[in-house]
Amino acid sequence: MSARILNGNAIRDQIYTELQAEIAALTSAGIRPGLAAVRVGDDPASKLYVNSKIAACEKLGLASFHITPPASMTTEELLGLVNELNNRDDVDGILVQMPLPKQIDSKKILDAVIPEKDVDGFNPVNVGRLVAGRPALVACTPAGVMEILRRSNIPIEGANAVVIGRSDIVGKPQALLLLHANATVTICHSKSKDLPGIARRADIIVAAIGKAAMVTPDFVKPGATVIDVGQIVVKDAAEAQRIFAKFPAKLESFRTKGSILAGDVHPEVVEVAGAYTPVPGGVGPLTIAMLMSNTVKAARMRRGSRAPAAASSRT
Ligand code: NAP
């Protein structure tokens, strides 16, 4: 048996098509949703992430404001900048790229983004709304996972879902979203006992661990859906061999580049699962798509009755 591949790029493109139409309608009604992306310092990975978010804004017709203060900035100075953005009418969403330089209190900064513009869904008010089943702006990666499941017609109601990982950014909001969609949810973490045994009861596994290929085929009930959130750069040759022994093209790519991207799920899970998301090309593309979707949602919520009606009901 070989699992159905859930193609994140195709689902992202579907969402982009919907968003493009929605943004065009909003813009002609005089509301051009705008995203402010703040990147402090010159971290190369952050540069890459923020650049791809800005590129997505440009592709969809969102206004974008790329703000790049120096790495020497203090917490107070960055708080001042966030407050300025909180007060700007042309900014609907504010994104502060993590990680921030050591001298900055990241929690203080994230809490300072007003809930109405918190397109990452990290503000405790938005987390509380999610817990209460009245979600407003929801964390992008778990929201993207729900889009993959729904748009791929994977039954969620009544399903046993096992979420591996309990971070504030992925695992916890993921578990809540699945719960609100009427799954029976188990949350696992590093202290859980008999993880493979718990996972084998799942109809849906979501792995958000950060440990390359930890979820091996013995974790998976035949036919289960396996969603792989993990993104780990593997640089060790023996580790690459352990993961990609049956995937010669991947091993070749590792030999050429000296590294390769892996997920939390061992690719041989494809032999047992009913459906799965590959890495790359699974969950990753949805994270940016949901950031764009949240920016449009934030514009609608904040500018209220001036906005024309929404056509779709994304997470
Ligand atoms: P995190 O904050 O490090 O959390 C990892 C979670 O996994 C923790 O809850 C931890 O348990 C659990 N864990 C660690 N080792 C475990 C083990 N051996 N058995 C069971 N559970 C274990 O990571 P995160 O921010 O949630 O991210 C997880 C992965 O997703 C990373 O690879 C990250 O790069 C990726 N990610 C991808 C996207 C995307 O767009 N595709 C977005 C966000 C994150 P404890 O709580 O007990 O420590």
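The legends below describe close-up views of a predicted model.

**View 1. The two domains of the predicted model.** The protein is divided into domain 1, which spans residues 30-124, and domain 2, which spans residues 140-285. Taken over C-alpha atoms, the centres of domain 1 and domain 2 are separated by 29 Å.

**View 2. An open sheet of six parallel strands.** The strands follow one another in the order β1-β11-β8-β7-β5-β6, and their pairing is parallel. At the edges of this sheet lie β1 (4-5) and β6 (184-188), each of which pairs on one side only. Strands of a sheet pair through backbone hydrogen bonds, either in parallel or in antiparallel fashion.

**View 3. The pairing of β8 with β11.** Strand β8, made up of residues 225-228, runs parallel to strand β11, made up of residues 275-276, and two bridges join them. In this pairing Thr225 stands opposite Ala275, a residue of β11.

**View 4. Two helices against the strands.** Helix α6, residues 140-151, packs on the sheet and touches both β7 (204-207) and β8, with its direction making about 150° with that of β8. Helix α7, residues 171-180, lies across β5 (160-164), β6 and β7, and runs at about 170° to β5.

View 5. When the whole structure is searched, one cavity of 30 Å³ or more is found, and the volume of the largest cavity is about 40 Å³. The residues that line the largest cavity are Ile94, Val96, Leu110, Val113, Asp118, Asp120, Phe122 and Asn123. Sorted by class, this lining has five nonpolar residues, one polar residue and two charged residues.

**View 6. A cis peptide bond at Pro99.** The peptide bond that leads from Met98 to Pro99 is cis, and its omega is near 0°. Pro99 itself is found in the loop between strand β4 (93-96) and helix α4 (106-112).

**View 7. A cis peptide bond at Pro280.** Between Val279 and Pro280 the peptide bond is cis, with an omega near 0°. Pro280 has its place in the loop that lies between strand β11 and helix α11 (284-303).

**View 8. The backbone at Asp194.** Although Asp194 is not a glycine, its phi is positive, at about 50°. Asp194 is placed in the loop between β6 and α8 (195-199), and β6 is one of the edge strands of the sheet.

Definitions and conventions
Residues are numbered from 1 along each chain as its sequence is written. This is a predicted model: local features need pLDDT of at least 70, side-chain atom pairs count only at pLDDT 80 or more; totals for chains, interfaces and linings use all residues. Side-chain values use heavy atoms; hydrogens and water are left out. Two strands pair if DSSP finds at least two bridges between them. Helices (H or I, at least four residues) and strands (E, at least two) are DSSP runs, numbered from the N terminus. Contact means heavy atoms within 4.5 Å. Axes are lines fitted to C-alpha atoms, for helices over the stretch in contact, and angles run from 0 to 180 degrees between N-to-C directions. On a 1 Å grid over the protein atoms alone, a cavity is a set of points where a 1.4 Å probe fits but cannot get out, and a pocket is an open set with protein on both sides within 12 Å along at least five of seven lines; lining residues have an atom within 4 Å of a point. Grid points are joined across faces, edges and corners, and a volume is the space filled by probe spheres set on the points. Ala, Val, Leu, Ile, Met, Phe, Trp, Tyr, Cys and Pro count as nonpolar, Asp, Glu, Lys and Arg as charged, and the others, Gly among them, as polar. Domain bounds come from an automatic or database domain assignment.
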